Amino acid sequence: MLFIRFNRLAMAIAAATSFVLSGPGAAQTPEHPTDTAQFPSARDLRAMTKAGSYLAARHASVERDAKSAAAFYRSALRADPKNNELLDRAFISSLAEGDIDAAVNLADRILTIDKTNRVARLVVGVHNLKLKKYAAARKNINQSIRGPITDLVATLLSGWADYGAGDTRQAVANIDGLTGPEWYPIFKDLHSGMLLDLAGREKEAGVRLERAYKLDDSALRVADAYARWLSRNKDDAAALAVYESFDKKLARHPLILEGIKETKAGKKLPQLVSSPQTGAAEALYGIGASLTRRGGEDLALVYLQLALYLAPSHPMALLSLADLYESVKKPEMAIGVYQRVPADSPLKRNAQVQLATDLDAVDRSDEAIKILKDVTEQDPKDLEAIMALGNLERGRKKFADCAKTYTKGVDVIAEAKDKPNWVYYYFRGICEERSKNWDKAEVDMKKALEIQPEQPHVLNYLGYSWIDRGLNLDEAMKMIKRAVDQRPDDGYIVDSLGWAYYRIGNYEEAVKTLERAINLKPEDPTVNDHLGDAYWRVGRTLEAKFQWAHARDLKPEPDELPKIEAKIANGMPADDTPSAASADKKKEDGKGG
């Protein structure tokens with residue numbers, strides 16, 4: 001809905017916050033967690049020079065540690081209080097970190113130098129709104145506008161300030177008077193409706209909320225706000241119809257399930273917002289979440305932090321902020337946000353599942369597993385949590401454990417008479433195969449193909465496994481070729497085909513195919529090792545040793561390293577057969593060759 005062309009405010013924030021949302025190019029993995037700088041103590045900061053603080057701030061920003069960056073920039077600013085660059089950086093980093101009180105103090109200083117700074121005006125205006133200084137809030141917020149996004153935000157926030165000041169008529173008139181892109185009306189009707197509802201003008205509120213719902217009945221907050229109004233002003237059946245209609249479009253959203261449960265219990269549901277502050281937070285959250293989905297992370301970060309300043313426990317804003325951090329590969333920051341989701345929120349379970357994923361990403365897998373086990377114990381039929389736990393165990397090579405976990409998912413589906421899901425059988429088959437239970441693994445892989453006959457990953461895994469065991473060679477080769485036809489750019493599947501050629505003794509074709517796989521996955525140790533073996537078989541011994549050395553340097557599986565080193569030192573025996581050459585060679589989990 002919101003394909004947005006960014007205005008100058010968005011670009012200004014993007015430039016200023018780029019140090020927060022960018023970092024080293026290397027991907028963070030469980031094996032290589034991103035290091036984070038130790039947060040400085042007050043004593044550390046007092047002992048540092050201006051230059052030291054500045055350099056530490058730059059380093060902290062590279063390490064994606066916004067909290068330390070903000071502290072170091074403020075420390076440098078104390079040593080050089082007239083340095084406007086330091087002032088700007090300290091302000092933006094404090095805002096990005098979510099320390100809005102510090103950002104407000106710095107914004108006041110910026111406005112004494114540059115009264116037109118729109119980011120500072122917005123922050124001060126939101127601060128005024130939080131303190132119920134509604135006239136000042138409107139004045140500052142209105143000076144922050146320029147462009148379609150910021151015009152809409154400012155108008156909605158000003159409307160909530162007008163309402164707080166007791167002028168509902170003016171608030172609605174100003175919102176109604178805003179013209180702009182085709183995606184404005186749904187925001188305008190939603191907020192006018194919620195504002196009128198709080199003011200006790202229920203009939204007018206219903207007209208606005210119904211209009212917003214008709215514009216987009218798949219918008220979660222619109223559907224929830226309208227259903228709540230219906231439960232209090234019409235009847236439970238009408239509210240339930242809205243919730244159940246939404247559930248058909250997006251099944252099992254926790255807030256919708258909660259609404260259905262409460263409505264069926266005959267409860268009159270409260271309004272979505274309860275004050276000018278929570279109304280303004282809803283506006284900031286709604287637009288911030290939309291920006292996050294459309295690639296506007298920098299501006300979204302500002303809006304979400306300001307939303308949480310006004311409503312610190314807003315669960316949807318918390319989940320959106322954590323999702324933003326995940327999208328820019330900052331799991332440590334996402335962890336802290338997920339932990340803030342209130343325990344009584346229907347979204348707490350979602351937060352716990354995502355929290356576990358992020359804990360695993362920073363090599364805290366034991367904590368992650370405990371959280372997911374707790375979630376699945378509370379609800380043994382929670383398929384999302386079961387899948388997350390199984391995936392985590394599989395990623396950590398706890399293959400016996402993940403086979404049991406995926407079995408729970410299979411059992412839940414069978415009991416619920418849901419359509420079987422090939423993924424559970426495929427993943428359980430991987431875990432069984434890696435646990436050396438090939439007979440069980442083969443059954444699961446065949447079941448996965450029965451459900452999804454041409455699934456390329458299953459075709460690849462089963463075909464590779466058969467060829468590696470010298471079984472069903474013709475059928476296996478056909479399966480892998482069908483997988484490659486569907487995924488010609490998947491380096492692991494192409495590697496499987498190359499290794500299949502190797503295993504049947506077609507070394508020339510193996511070299512051609514494995515060279516293609518290397519181009520697709522140059523940094524994978526198994527693919528490099530395979531190509532080395534193929535080179536050796538066609539007499540390209542120097543190239544073979546180069547590939548093995550590269551495989552060694554890419555940190556292969558511990559049980560593969562001695563074999564690779566032996567080949568580097570001694571090559572492969574002339575009488576070595578393809579089957580003996582790699583009888584124990586293992587494909588990477590779920591990747592085929």
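Leaving aside neighbours within four places in sequence, which residues is N140 in contact with? I start there and then walk through the rest of the model.

A word on the basis: this is a predicted model, in which local features need pLDDT of at least 70 and side-chain atom pairs count only at pLDDT 80 or more, while totals for chains, interfaces and linings use all residues. Residues are numbered from 1 along each chain as its sequence is written, and side-chain values use heavy atoms, with hydrogens and water left out.

1. **N140 and its neighbours.** The residues in contact with N140, once those within four places in sequence are set aside, are R121, V124, G125 and N128; contact means heavy atoms within 4.5 Å. N140 sits in helix 8, where helices (H or I, at least four residues) are DSSP runs numbered from the N terminus. With a relative accessible area of 9%, N140 is buried; buried means under 20% relative accessible area, exposed over 50%, and partly exposed in between, with a 1.4 Å probe and protein chains only. The C-alpha atoms of N140 and L122 are separated by 6.4 Å, although the two residues are 18 apart along the chain.

2. **The largest core.** A nonpolar core is a set of buried Ala, Val, Leu, Ile, Met, Phe, Trp, Tyr and Cys residues joined through side-chain atoms within 4.5 Å. The largest one here has 125 residues, and those with the most contacts inside it are F91, L95, L157, L284, I287, Y303 and L306. Helix 17 (residues 297-310) gives the largest share of this core, 11 residues. Not counting residues up to four places away in sequence, L306 touches L95, I100, L122, V123, V126 and L284.

3. As background, nonpolar side chains tend to be buried together in soluble globular proteins.

4. **Helix 14.** The buried residues of helix 14 are A238, A239, L240, V242, Y243 and F246, and what covers them includes helix 12 (202-215), helix 13 (220-233) and helix 15 (254-264).

5. **The disulfide.** A search of the whole structure finds one disulfide, defined as a pair of cysteine sulfur atoms within 2.5 Å. The partners are C402 and C431, with their sulfur atoms 2.0 Å apart. Their link is left-handed, with -125° about the S-S bond. C402 lies in helix 23 (residues 399-416) and C431 in helix 24 (residues 422-434), so the pair ties together parts that are 29 residues apart in sequence. C402 and C431 are both buried.

6. The structure holds 11 aromatic pairs. Rings of Phe, Tyr and Trp (its six-membered ring) pair if their centres lie within 6.5 Å; planes under 30 degrees apart count as stacked, over 60 as edge-to-face and the rest as tilted. Y226 and W229 form a stacked pair, 6.4 Å centre to centre with 10° between the planes. Both residues of this pair, Y226 and W229, lie in helix 13, three residues apart, about one turn of the helix. Y226 counts as buried at 9% relative accessibility, and W229 is buried with a relative accessible area of 12%.

7. Y426 counts as buried at 4% relative accessibility, and F427 is buried with a relative accessible area of 14%. Y426 and F427 belong to one aromatic cluster with Y406, W422 and Y461.

8. **Positive phi in two loops.** Most residues other than glycine have a negative phi. K132, a residue other than glycine, has a positive phi near 65°. K132 is placed in the loop between helix 7 (118-130) and helix 8 (134-142), and counts as exposed at 56% relative accessibility. R252 also is not a glycine, and has a positive phi of about 65°. The loop between helix 14 and helix 15 holds R252, which counts as exposed at 60% relative accessibility.
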